[in-house]
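Student: Got a chain here that I'd like to go through. Can you take me over the contacts and the packing?

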Amino acid sequence: MRDALLIALFAFLGATAAGVLGAGVLLLIRRWSLTAHLAVVAAVAVAAMLAGTLAVARAMFLSAHDLSVVTTVVAMAAVVSLVTALLLGRWVVARSHELTLAARSFGDGGDFAAPDGPAAAEFAALSRELQATSVRLAESRDRERALETSRRELVAWISHDLRTPLAGLRAMAEALEDGVAADPDRYLRQIRTEVERLNEMVGDLFELSRIHAGALSLSPARMSVYDLVGDALAGADPLAREHGVRLVGDGVEPVPVEVDGREMSRVLGNLLVNAIRRTPADGTVAVSARRAGEGVVLSVTDGCGGIPEEDLHRVFDTGWRGTHARTPPAGAGLGLAIVRGIVEAHRGRATVRNVSGGCRFEVTLPVAG
């Protein structure tokens, strides 16, 4: 038992010396290729075995012939180990280089394509993660292009919508200044109307900029959907009378919600104004509110004749105003974008779909606990 312990001790000391030396070498070459690291690891394993064998041989006073045989066996093992480590290192480096080139392709705007051939589990996992990252980057680029297109369209539309009333204001102001206005009071009323229109447009732009910047501050309070819809209908009634449109509260349930009353009133107001302006005279705009699962659905149904299916996904985009048949007489296509931003800030969602004779905008909000 004592001899076995001595042999184990001498072998451990010899192997430890080789291991410490190998760790020092790995520290020195830590910036080198992985092939060199694998070669050093293989060499350390063989050196540890050889050092332990020599230590035990010296302690046991083996003959020179026996020691030579053991050394030869260890040397052959070292050669095979180093060759295997070098081959493995070259394969790992080649695979890593292929992944680097593939990753560079989607970093430059392309799609990631995993290298062909078998791969170790770690490389396969890395390829899957790079593939998922490539998909997310592609989606992000698409969103960025869509937002940039939307911004350019918005600037163009806003420029046009501002230029028209400003030109009219300038002409009317010059007519009043030169004393050639046949009906000064009518000119003054028209100037006030145009100024109010510009003020609404600037207010919409300010609200939209707050939403996009994430600076929309909400003050939620518990209230009934019934009261919310009632106030919105009362506010939109004058516009509906002006356009000859009938407003109907169809099945409004008194479901409690926890929302910012001012912002949600703006949501319903924008939807009602949008619906009234697009519904022909003698038409009907219906508002309903009902519980659906864990939420409440507010819907506004108009008689616009419907939206082309290919445009449904763009309805809530900033600046979108659709076909000429749906182009409003005023506004810059910001109302529905504001609706979506406010609703999403309340952890809800806004959708639209075609129904018989028109379309239905739905706002889904969580029910108050």
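Tutor: First a term: a contact means heavy atoms within 4.5 Å. This is a predicted model, where local features need pLDDT of at least 70, side-chain atom pairs count only at pLDDT 80 or more, and totals for chains, interfaces and linings use all residues. Residues are numbered from 1 along each chain as its sequence is written, and side-chain values use heavy atoms, with hydrogens and water left out.

Student: Ok, of contacts between residues at least 6 apart in sequence, what share joins residues at least 24 apart?

Tutor: That share is 69%.

Student: And how much of the chain is buried?

Tutor: Of the 369 residues, 34% are buried, meaning under 20% relative accessible area with a 1.4 Å probe, protein chains only.

Student: Which residues have the most contacts inside the largest nonpolar core?

Tutor: M264 and L298, in a core of 51 residues. Such a core is a set of buried Ala, Val, Leu, Ile, Met, Phe, Trp, Tyr and Cys residues joined through side-chain atoms within 4.5 Å. Helix α6 (residues 225–243) gives the largest share, eight residues; helices are DSSP runs of H or I, at least four residues, numbered from the N terminus.

Student: What does M264 touch, beyond neighbours within four places in sequence?

Tutor: Its contacts there are L228, V259, L298, I342, H346, V363 and L365.

Student: Switching to helices: how do α7 and α8 cross?

Tutor: The axes, lines fitted to C-alpha atoms over the stretch in contact, come within 9 Å and cross at roughly 150 degrees. That angle runs from 0 to 180 degrees between N-to-C directions.

Student: Which α7 residues meet α8?

Tutor: Among them are M264, V267 and L271 in α7, with I338 and I342 among their partners in α8.

How values were computed:
Buried < 20%, exposed > 50% of the residue type's maximum accessible area, 1.4 Å probe, protein only. Helix = DSSP H or I, 4+ residues; strand = E, 2+ residues; numbered from the N terminus.
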